[in-house]
Amino acid sequence: VPADDVTTTTTTTPTTLAELPTPLLVLDLRALDRNIDAMAQVRPAAALRPHVKAFKSTAMARHVRDRAGHRSFCCATLREMEGMVAAGLDEDLLLANETLDRERLARLVRRSGGRVTVAIDSPETIAAASGTGAEVLIDVDVGLPRCGCRPEDAGRLAELARSRGLIVRGVMGYEGHTVGDPDRERRREAVERSMEALRLAHDAVGGGIASAGGTGTYDLHDWADEVQAGSYLLMDTHYALLDLPFVQAVTVEATVTSVSPRRGWAVVDAGLKAFGMDHGNPTVEGWEVFFCSDEHTTLLADPEGALPAVGDRLRMAPAHIDPTVAYHEQFVVARNDEILETWPVDLRGW
Ligand SMILES: Cc1ncc(COP(=O)(O)O)c(C=O)c1O
């Protein structure tokens, strides 16, 4: 190897964050554990079905299970389901989403030693599930303009599913149109309206499960059996606008790579490809974010004209956690600046 080959790897294991290249997805273990405990106080064990899509990591799922005793999980993609099965975290997995991929679903059920359940909302999704060994929940439209059948069609779909040999475990209805509303009273009323619709469907469907909810509504459910929250574990600045007891546990560490005192800005090496941007720009304590481009974020000088220095490392809080995590390959689990572990984001992709 030539002496100046910059790709040559070193054999020493990094022990501090400063030794790793940026951008870096940093997970504050104490904050994560605080969030796990705050949720488990209100929704212990089976009252919560943690949503894997928020963190996409079997290592984190295992940590959540071991700390709080939640043993059933929900997923948004077949990839997440497959990874959870391969990791043995498959006691009771729900694909809280529709799929038409019958073969892949059947293969997943064959590999799993536990229960695999899938949301269905049409004759087509029933046909995809039948004969695979998967059980089903009838997905009901409770107000979010996305998946789910009309509440009044739920009983008919359950009948059709049963006639195809499927076990119908109950209903699910995700009130995603309301989880982000910062007004708690409005959230409460919207949850009530959504659950009225889900209850109507449940009466017609039967089965032991009514699954609903998310981070913003986790404590507003007195009827649903389980809440499907995931963002509460890591949090983001969008959810931080709500009156929730959860704290920011993930930041993206970035390095200042360029400073222009004349123009009054500094640039860090994390941009659109390090953050989910649909809820807005990331936030950097002490600095105002001007804008993000592919691999850069430009920060403005403070009112006194001060700027960070080239080489400084800054922590950036994402506005939307799920897509942010999906851009990264691993969480660096840290206490302050000390690296404790790395947890692969092994459930990325579809
Ligand atoms: C089906 C479903 N359930 C629950 C949630 C709740 O997730 P969060 O914890 O982000 O509110 C989501 C988020 O989009 C979802 O799609």
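Colleague: How many residues surround the ligand, and which are the closest?
Modeller: In this predicted model, 13 residues surround the ligand, and the closest are T215, Q228, G230, S231 and Y239.

Colleague: How do the residues of that shell divide into nonpolar, polar and charged?
Modeller: The shell around the ligand holds 4 nonpolar, 7 polar and 2 charged residues.

Colleague: What lies 2.5 Å from an oxygen atom of the ligand?
Modeller: That is a polar side-chain atom of S231. For Q228, an N or O atom of the side chain is 2.7 Å from a nitrogen atom of the ligand.

Colleague: And how much of the ligand does the protein bury?
Modeller: The protein buries 92% of the 390 Å² that the ligand exposes when taken alone.

Colleague: Which pocket is the space taken by the ligand?
Modeller: The ligand takes the space of the largest pocket.

Colleague: Turning to the rings, how many aromatic pairs does the structure hold?
Modeller: There are 4 aromatic pairs in the structure. One of them joins Y218 and F246, with ring centres 5.1 Å apart.

Colleague: Why is the pair of Y218 and F246 tilted?
Modeller: The planes of the two rings stand at 55°, so the pair counts as tilted; the label edge-to-face applies to planes over 60 degrees apart.

Colleague: Where do Y218 and F246 lie?
Modeller: Y218 is in the loop between β7 (209-212) and β8 (226-227), while F246 is in the loop between β8 and β9 (250-260), so their pair ties together parts that are 28 residues apart in sequence.

Colleague: Now the backbone: which residues does a cis peptide bond join?
Modeller: The cis bond joins T22 and P23, with omega at about 0°. P23 belongs to the segment before β1 (24-28).

Colleague: What is phi of A45, and where is A45 found?
Modeller: Phi of A45 is near 40°, a positive value in a residue other than glycine. A45 sits in the loop between α1 (29-42) and α2 (58-68).

Note on methods
Residues numbered from 1 in each chain as written. Predicted model: local features only at pLDDT ≥ 70, side-chain atom pairs only at ≥ 80, totals over all residues. Heavy atoms only, no water. Near = heavy atom within 4 Å. Polar contact = N/O pair within 3.5 Å; in protein donor to acceptor, adjacent residues only side chain to side chain. Areas by Shrake-Rupley, 256 points an atom, 1.4 Å probe, with all protein chains shown as cover. 1 Å grid on protein atoms, 1.4 Å probe; cavity = no way out; pocket = protein on both sides within 12 Å on 5 of 7 lines; lining within 4 Å. Sits in = over half its atoms within 2 Å of the grid points. Nonpolar A, V, L, I, M, F, W, Y, C, P; charged D, E, K, R; others polar. Phe/Tyr/Trp six-rings, centres within 6.5 Å; stacked < 30°, edge-to-face > 60°. Helix = DSSP H or I, 4+ residues; strand = E, 2+ residues; numbered from the N terminus.
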